[in-house]
Amino acid sequence: MNELHTGFLIGLIVVLILLSAFFSGSETSMLSLNRYRLKHLSKHKKSAKRAAELLDRPERLIGMILIGNNLVNIFASSIATVIALRMFGDVGIAISTLILTLLILIFAEITPKTIAAYYPEKFAFPITGILKFLLKVFFPFVWLLNTITKGILLLFGLNPEKSKNDQISVDELRTIVSETNDLIPNRHQGMLLNILDIEDASVEDIMIPRNEILAIDINDDEDKLLQTIRDCNFTRLPVYEDDIDNIIGILHMRNLGKFFTGNVPFSRKSLRTLIREPVFTPETTNLHQQLINFQKDKRRVSIVVDEYGSVKGLVTLEDILEEIVGEFTSNLEEDTPDFEITANGAHIIQGSATVRDINRFTGWHLPLDGPKTLNGLIIEQLENFPDAAACVRINNIAIEITDVKGNFVEKVKAYEL
């Protein structure tokens, strides 16, 4: 009879260890669930919705699981002590403690928690119904323990309610996108990261600089005006009066077709009627805001000005879109690319190339908080206008100046040290 009774108690210990494994795995799996994936799944999956409801008050869930886990572990320990005393006497207490500790660690802690950590959804979703039922059963005890715990935390100046924060920062979102691996195609991943990056860039970073703006002076000879318009490869052309700081409008090339058919004679007066009032943008405007401005104003071109109102450059909607999706058109005015790679791996780079484009093309990390072009960066480092064959080192990049025109670095050879 005693043997039968002992066998029943051993079987009960096995059941209790399995229950302990259930509670341990439940805790790990529920807390390992991806909150953002859970929000998505809860829209069309009942078990995911129940999991989201349980995690909405995690202190209750954890309290219930810990109550259940400790109850079964203490009960198992008590039964193991009774069996050990019957079989081995007083020395059995030490033996039962050692054996039960090993069994709980292996079968009720490490194994279920490892499985739950690797497969949180497979473990958590099927048991959400059981957890909700147990939460109702243990609710009075859970409420009492949570109230006491919250009071203790408040004594230390901690408020659990204020510490809840499911929002993620831009840097955290950038990390999430970067680590999606095969879940998001590389090109789409790059576009998402570029969208996040435009918050940190201003129109000054991507604008066409003042010296490269193709514009017409409304006071030029009419034949010269017509020839410039004929040779223009852009759809929109800034128009100024006497000085480029005095831009009076933007000319859309589609409105000039009538002058080239011969039906309407070309004149300065008729040209003025086609000019649309320009839009000006401060150089510090970030790209996200400028994109909104283009959308609001129904414009595609804006003149960039500095704090004194002088023209610094020109930014287009296409420039901003290319920051997101990459270049999708070619500039017919450019015959030479900004970047070339030699046989020995060195980079031939135009001095007018922007530092942002260089970093994107090469994977380098040239500083972005100073000059926007390579020419400006070199002049800042040398603190003087360089001669050809001069060299400069910026971080771990060696830059050899190969062509200089006046005070402008036209071309360099650069390589990583």
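Colleague: What percentage of the 417 residues of the protein chain count as buried?
Modeller: Of the 417 residues, 38% count as buried, where buried means under 20% relative accessible area with a 1.4 Å probe and protein chains only. This is a predicted model, in which local features need pLDDT of at least 70, side-chain atom pairs count only at pLDDT 80 or more, and totals for chains, interfaces and linings use all residues. Residues are numbered from 1 along each chain as its sequence is written, and side-chain values use heavy atoms, with hydrogens and water left out.

Colleague: How many helices and strands are there in the chain?
Modeller: The protein chain has 18 helices and twelve strands, taken as DSSP runs of H or I with at least four residues for helices and of E with at least two for strands, numbered from the N terminus.

Colleague: And why is it more spread out than a compact globule?
Modeller: Its radius of gyration is 36 Å, well over the 22 Å that the globule rule gives for 417 residues, so the chain counts as more spread out; the radius is taken over C-alpha atoms, and the rule is 2.2 Å times the number of residues to the power 0.38. Along the principal axes, the C-alpha atoms fill a box of roughly 120 × 50 × 45 Å.

Colleague: Switching topic, in which sense do E3 and E4 pair?
Modeller: Strand E3 (residues 236-241) and strand E4 (residues 243-252) pair in the antiparallel sense over six bridges, pairing being called when DSSP finds at least two bridges between two strands.

Colleague: What sits in the turn?
Modeller: The hairpin has one residue between its strands, and Asp 242 in the turn has a positive phi of about 75°, while Glu 241 has Asp 243 in E4 as its bridge partner.

Methods
Buried < 20%, exposed > 50% of the residue type's maximum accessible area, 1.4 Å probe, protein only.
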